[in-house]
Amino acid sequence: MYFGYYKHYRETVNVSYALIADIIRSRELPDRRRAQRVIHETLDRAAEGLALTQRPYATVGDELQAVSAALSDALALTLRTHLLLPEGLGLRFGIGAGTISEIEGASMRLIQDGSAWWAAREAIEKAHHLQDEGRSFIHTWLRIHPDAVSGSGGEWGEHERFVNSILILRDQAIFRFQPRQRRIMAGLLMGMTQIEIARQEKVSQQAVSEFARSAGASLLEVQKLLDGLSGGGEGE
């Protein structure tokens, strides 16, 4: 149901996915400049191979933004970033599905606007609110703006709730991983072989394989499901 409706939606509406990220508890960081440098480097690595229309870039203060034409790439960027960031650093992401337009600003500079950005702002504020309520493991939220919906808004609302339900489980799994487990999972998701990961982590290939079949198995399956959301209905 969700994948069939998503296919129709993609064919009838020109949708973009705006991402807004901010640094969690940034004021508590002992060295904000170094932390921001590490975050930018991590985002650059996380964006490798993804079809982003705008790679992650810094805006004001602790905020960063990016744009994707596909939901799967937007979600992959957030997952890779959560896994690759070192212990003690975290980002909160809001993803907004909608339209993006450009308007002329001062000095002929083009400024982006549109429902995708409005929805992304709502999404990151929702994620922040959930964390403040005690659900600290929630780092990602999706919001779909009604202006971008073609067809039944009720069905698309179900799609939004479906994706966010998976994101809650995904982020909780990441939250429970140890730092090495996060790095191993990042390697698996970014195309490294088990032997390459084992060498990098100084563990046996068997240890990597066992992780992929046990503690990491559910997250690998979740990501396969999320990858299918932008694939034109593979999950039908």
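In the predicted model, helix 3 is largely enclosed by the rest of the structure, because 14 of its 14 residues are buried. The helix comprises residues 71–84, and its span from first to last C-alpha is 20 Å, close to the 20 Å expected at 1.5 Å a residue.

Strand 3 has antiparallel pairings with two strands, strand 1 and strand 2. The pairing with strand 1 (residues 16–23) runs over six bridges, and within strand 1 and strand 3 Ile20 stands opposite Gln65. The pairing with strand 2 (residues 52–58) consists of four bridges, and here Ala58 is placed opposite Leu64 of strand 3. Strand 2 and strand 3 together form a hairpin in which four residues lie between the strands. Gly61, located in the turn of this hairpin, has a positive phi of about 60 degrees.

The largest nonpolar core contains 52 residues, and Ile39, Leu75, Leu77 and Leu91 are those with the most contacts inside it. In soluble globular proteins, nonpolar side chains tend to be buried together. Beyond its neighbours within four places in sequence, Leu77 is in contact with Leu19, Leu43, Ala46, Ala47, Leu50, Leu52, Pro56 and Ala66. Another core, of seven residues, lies apart from the largest one; Ala18, Ile20, Val67 and Ala116 are among its members.

One aromatic pair is present in the structure. The pair is formed by Phe177 and Phe211 in an edge-to-face arrangement, with a centre-to-centre distance of 5.5 Å and an angle of 65 degrees between the planes. Phe177 is situated in the loop between helix 5 and helix 6, whereas Phe211 belongs to helix 8 (residues 205–213), so the pair ties together parts that are 34 residues apart in sequence. Both Phe177 and Phe211 are buried.

The salt bridges number 10. In one of them, Arg143 pairs with Glu160, with the closest N and O atoms 3.0 Å apart. This pair links distant parts of the chain, 17 residues apart: Arg143 lies in strand 7 (residues 140–144) and Glu160 in helix 5 (residues 153–176). Arg143 is partly exposed at 21% relative accessibility, whereas Glu160, at 12%, counts as buried. The two residues also take part, together with Glu122, in a network of salt bridges.

A further salt bridge joins the side chains of Glu201 and Arg183, with an N to O distance of 2.8 Å. Since Glu201 is part of helix 7 (residues 194–201) and Arg183 is part of helix 6 (residues 179–189), the interaction ties together parts that are 18 residues apart in sequence. The relative accessibility of Glu201 is 5%, which classes this residue as buried, while Arg183 is partly exposed at 38%. Arg135 and Glu133 form another salt bridge, in which the closest N and O atoms are 2.2 Å apart. Both partners are partly exposed, Arg135 with 35% relative accessibility and Glu133 with 46%.

Positive phi values also occur at Arg25 and Lys202. Most residues other than glycine have a negative phi. Arg25, with phi near 50 degrees, is located in the loop between strand 1 and helix 2. At 55% relative accessibility, Arg25 is exposed. Lys202, with phi near 60 degrees, occupies the loop between helix 7 and helix 8, and is likewise exposed, its relative accessibility being 74%.

Technical notes
Residues numbered from 1 in each chain as written. Predicted model: local features only at pLDDT ≥ 70, side-chain atom pairs only at ≥ 80, totals over all residues. Heavy atoms only, no water. Expected span 1.5 Å × (residues − 1). Buried < 20%, exposed > 50% of the residue type's maximum accessible area, 1.4 Å probe, protein only. Pairing = 2+ DSSP bridges. Salt bridge = Lys/Arg side-chain N within 4 Å of Asp/Glu carboxyl O. Core = buried A, V, L, I, M, F, W, Y, C linked by side-chain atoms within 4.5 Å. Contact = heavy atoms within 4.5 Å. Phe/Tyr/Trp six-rings, centres within 6.5 Å; stacked < 30°, edge-to-face > 60°.
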